[in-house]
Amino acid sequence: MKQLLDTAQKIKSMEIRGAGKIARTVAAQLHNYSESLNTGDISQFNDKMKIAAELLISTRPTAVSLPNAVHTVMRYVGETVEEAKADINKRANDFIEDSENAVRKIGEIGAKRVRDGDTIMTHCNSSAAISIIAKAHKDGKNIKVLATESRPRWQGHLTIKQLDDEGIKTSLIVDSAVRYFMKEVDIVIMGADAVTANGSVINKIGTSQLALCAHEARKNVIIAAETYKFSPRSLLGDLIEIEERSSSEVISDEILKGYGHVSVKNPAFDVTPREYIDLICTEVGAIPPEMSYIIIKEHLGYSLEDINSNVKSKAFNQKY
Ligand code: RUB
């Protein structure tokens with residue numbers, strides 16, 4: 001239980017962050033937790049697993065990869081605790097392996113859209129977006145990257161470190177310089193925390209501003225997103241909750257206390273409408289955002305009935 005609580009806390013505090021990494025972490029954690037349960041009583045085991053699943057899902061509300069990963073593992077079957085543990089082990093490992101392969105495949109597919117000599121702009125820190133950039137570089141393309149700082153949590157610093165390790169020429173820019181630099185940009189590549197049925201993309205705050213600037217300047221925007229970031233519940237009309245984080249990420253509590261009329265708003269994500277997105281690069285292909293519905297229905301295999309009948313308790317009975 002301690003390890004489970006630690007992991008939940010690390011996701012909340014963003015020590016573990018990024019939609020893909022969060023998904024892989026919760027899958028591994030559910031497996032570890034199941035192994036730590038001593039009971040031989042299957043219904044007691046199931047109850048404990050459900051509590052663990054709910055705890056992990058409650059850590060951050062926006063990344064759809066998190067509930068999708070939890071539901072994948074929680075579809076385990078088993079008449080006995082041993083059978084259930086074995087199935088959880090398999091599901092968690094398969095999910096992690098699929099996820100890592102998906103990020104690699106996205107790199108291979110997306111890199112074909114990057115041309116020799118391109119300047120790429122990216123935002124925040126997305127392993128899927130970096131997979132594309134790194135593959136284009138490995139393929140011998142002479143590319144440059146403009147990476148935003150991504151305040152208030154500075155994920156851009158992680159990005160420049162990763163790109164530097166790959167030997168990619170990178171400039172760090174402040175978030176407000178996005179439009180200033182857009183004329184130098186050939187292509188924008190960013191990640192996603194969620195993709196809805198209508199092709200909207202939810203990603204780090206500032207993504208929609210950047211996409212709008214790119215649209216104005218007629219520059220292509222590619223979103224790198226594994227299919228487990230697509231939201232089945234958006235088919236029901238559910239909106240993705242935008243996480244609002246603490247004011248202390250933006251200004252110290254002490255300074256804020258000194259003001260009588262000031263509050264801080266700190267949404268962690270925003271929504272980019274599909275009109276500003278040229279392509280969503282998934283592991284099953286590069287698709288126009290309008291095809292998101294098909295990914296949810298045909299690739300992930302959801303019907304409205306499945307989603308309706310699985311609102312909370314029972315895990316989704318399809319792929320994710
Ligand atoms: C991270 C973020 C990333 C997506 C995709 O936000 O917005 O762009 O999660 O990342 P936070 P990846 O830092 O708040 O978690 O491609 O690695 O899944």
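Tutor: Two strands pair if DSSP finds at least two bridges between them. Helices (H or I, at least four residues) and strands (E, at least two) are DSSP runs, numbered from the N terminus. This is a predicted model: local features need pLDDT of at least 70, side-chain atom pairs count only at pLDDT 80 or more, and totals for chains, interfaces and linings use all residues. Residues are numbered from 1 along each chain as its sequence is written, and side-chain values use heavy atoms, with hydrogens and water left out.

Student: What stands opposite alanine 194?

Tutor: Isoleucine 202 of strand 6. Strand 5 and strand 6 (residues 201-204) are antiparallel and share 2 bridges.

Student: And in what order do the strands of the open sheet run?

Tutor: The order is 5-6-8, with 3 strands and antiparallel pairing. Strand 5 (194-195) and strand 8 (269-272) are the edges, each pairing on one side only.

Student: Switching to helices. At what angle do helix 1 and helix 3 cross?

Tutor: Roughly 20°, with the axes of helix 1 (residues 2-12) and helix 3 (residues 42-57) coming within 9 Å. Axes are lines fitted to C-alpha atoms, for helices over the stretch in contact, and angles run from 0 to 180 degrees between N-to-C directions.

Student: Which residues make the contact?

Tutor: Leu4, Leu5 and Ala8 from helix 1, and Ala52, Leu55 and Leu56 from helix 3. Contact means heavy atoms within 4.5 Å.

Student: Where does helix 9 lie?

Tutor: Helix 9 (residues 207-216) lies across strand 6 and strand 8, at about 35° to strand 8.
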